[in-house]
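Okay, thanks for coming, everyone. I'd like to walk you through one part of a structure, so let me put it on the screen.

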Amino acid sequence: MKAVVYNGPRDVAVKNVPDAQLQRPTDVLVRITSTNICGSDLHMYEGRTDFEQGRIFGHENLGEVVEVGDAVDRVKVGDLVVLPFNIGCGFCKNCEKGLSAYCLTNANPGMAGAAYGFADMGPYQGGQAELLRVPYGDYNCLLLPPDAREKEADYVMVADIFPTGWHATRLAGLCPGESIVIYGAGPVGLMAAYSAMLQGACMVMVVDHHADRLQLAESIGAIAINDAQVDPVEQIMELTNGIGADRGCECVGYQCHNHHGKEIPGLTMNNLVKSVKFTGGIGVVGVFVPQDPGGPTQLAKQGEIPFDWGLLWFRGQHVGTGQCNVKAYNRQLRDLISVGRATPSFIVSHHLPLDQAPDAYKNFDERHDGWTKVILHPTT
């Protein structure tokens with residue numbers, strides 16, 4: 001089968017590799033028809049993680065079931081399914097609590113959580129390939145309704161970024177009628193803004209300095225704040241009558257850059273503390289890592305950031321963090337799409353065949369104008 005293989009920093013290639021196969025009776029084999037390039041893939045693409053050479057990328061996957069193991073009861077050959085990027089077992093202590101991002105069964109020793117084609121999250125290959133092995137298929141496959149082909153670009157967002165954006169607002173504690181500020185207008189930030197709209201936020205502000213992404217934020221009714229043109233904290237205070245936003249979301253992560261292109265890992269977190277009101281809530285879904293050997297400072301190399309803990313404490317704010325437990329949200333979000341209440345595909349800029357993945361990675365990584373979200377199509 002063809003697959004997107006990591007050769008080293010900023011070097012991926014589409015290669016012929018052995019076909020994915022069932023390995024256990026609980027497995028399902030899926031022929032992938034849509035798989036997204038995620039901002040999290042870029043951390044690995046840039047060599048900022050310990051992703052092994054020769055592994056396959058891709059954790060945002062959708063496709064058709066072509067084979068099932070003998071112990072699979074619910075999922076059938078021919079079903080169209082979208083796959084949470086988390087690989088859960090369904091029966092460990094964390095999965096039973098709904099914390100599928102922290103599965104204890106599938107993780108590396110001493111860790112919690114597993115994912116497809118992701119650094120430090122198990123040995124599982126990714127889905128930027130023609131075929132994908134899905135462990136514990138009955139638990140991990142979300143069946144799609146009859147309109148799946150028509151709305152495939154929407155449903156594939158349920159693999160990761162739509163639930164992750166939703167998760168950011170839940171970590172922040174957003175309630176209807178409240179204001180919220182989203183730092184980062186990448187795919188996850190846009191999904192957080194969109195989720196806030198769906199949940200009844202009275203004001204959604206999005207901070208970034210990429211004009212094409214801010215235009216997408218405005219297209220869904222959010223207020224765009226270009227931090228290359230204004231001080232975002234001052235602008236947020238002005239918009240909220242000096243109070244600050246009720247809630248805030250960090251959707252950038254440890255490779256945050258200012259508008260001059262300088263990497264400042266703690267910039268968005270410290271701006272959020274200043275932007276959110278006293279007793280407000282902050283949700284952090286941008287990726288932060290325990291070690292970052294490629295970080296710009298000695299502190300960053302240790303996975304640490306300068307953080308204004310005193311101001312956070314003084315303001316009485318609370319912070320929720322961590323990867324999204326996709327299984328906690330994916331059925332509801334699927335159904336919002338099915339009935340026409342949600343169309344997360346508004347962020348998609350490119351539909352490309354798998355063979356064009358190397359160019360797509362390069363353009364997306366370099367933040368070229370108009371490259372907001374790429375869907376690769378290994379098969380049709």
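Here's one to start with: which strands does helix H7 lie across? Have a look at residues 211-219, that's H7, and you'll see the helix lying across S9 and S10, running at about 160° to S10. Before I go on, keep in mind that this is a predicted model.

So, the sheet. We've got an open sheet of 6 strands, with parallel pairing, and the order reads S10-S9-S8-S11-S12-S13. S10 and S13, the latter being residues 318-321, are at the edges with a single partner strand each, so one side of each has no neighbour in the sheet. On average, neighbouring strands here are turned by 20° against each other, if you ignore direction. Let's zoom in on one pair: S11 and S12 run parallel and are joined by 5 bridges. One you can pick out is Ala 245, whose bridge partner in S12 is Val 276.

Now the helix I really wanted to show you, H8, residues 232-239. Which of its residues are buried? Those are Pro 232, Val 233, Ile 236 and Met 237. They sit on the same side of H8, because the arc they cover around the axis is only 135°.

A quick look at both ends of H8. At the start, Asp 231 has a side-chain oxygen within 2.9 Å of the backbone nitrogen of Val 233. Just after the helix, Asn 241 takes a positive phi, about 55°.

Last bit, the annotations. An unreviewed UniProt entry gives residues 187-293 as "domain: Alcohol dehydrogenase-like C-terminal". In the model that span is 36% helix and 23% strand, with its end C-alpha atoms 26 Å apart. The UniProt entry, again unreviewed, also has "domain: Alcohol dehydrogenase-like N-terminal" over residues 25-137. For that one we get 11% helix and 23% strand, and the end C-alpha atoms lie 10 Å apart.

That's it from me, thanks.

How values were computed. Residues numbered from 1 in each chain as written. Predicted model: local features only at pLDDT ≥ 70, side-chain atom pairs only at ≥ 80, totals over all residues. Heavy atoms only, no water. Buried < 20%, exposed > 50% of the residue type's maximum accessible area, 1.4 Å probe, protein only. Helix = DSSP H or I, 4+ residues; strand = E, 2+ residues; numbered from the N terminus. Arc of directions from axis to C-beta. Polar contact = N/O pair within 3.5 Å; in protein donor to acceptor, adjacent residues only side chain to side chain. UniProt positions renumbered as here; feature names shortened; annotations may be inferred. Pairing = 2+ DSSP bridges. Axes fitted to C-alpha atoms, helices over the stretch in contact; angles between N-to-C directions. Contact = heavy atoms within 4.5 Å.
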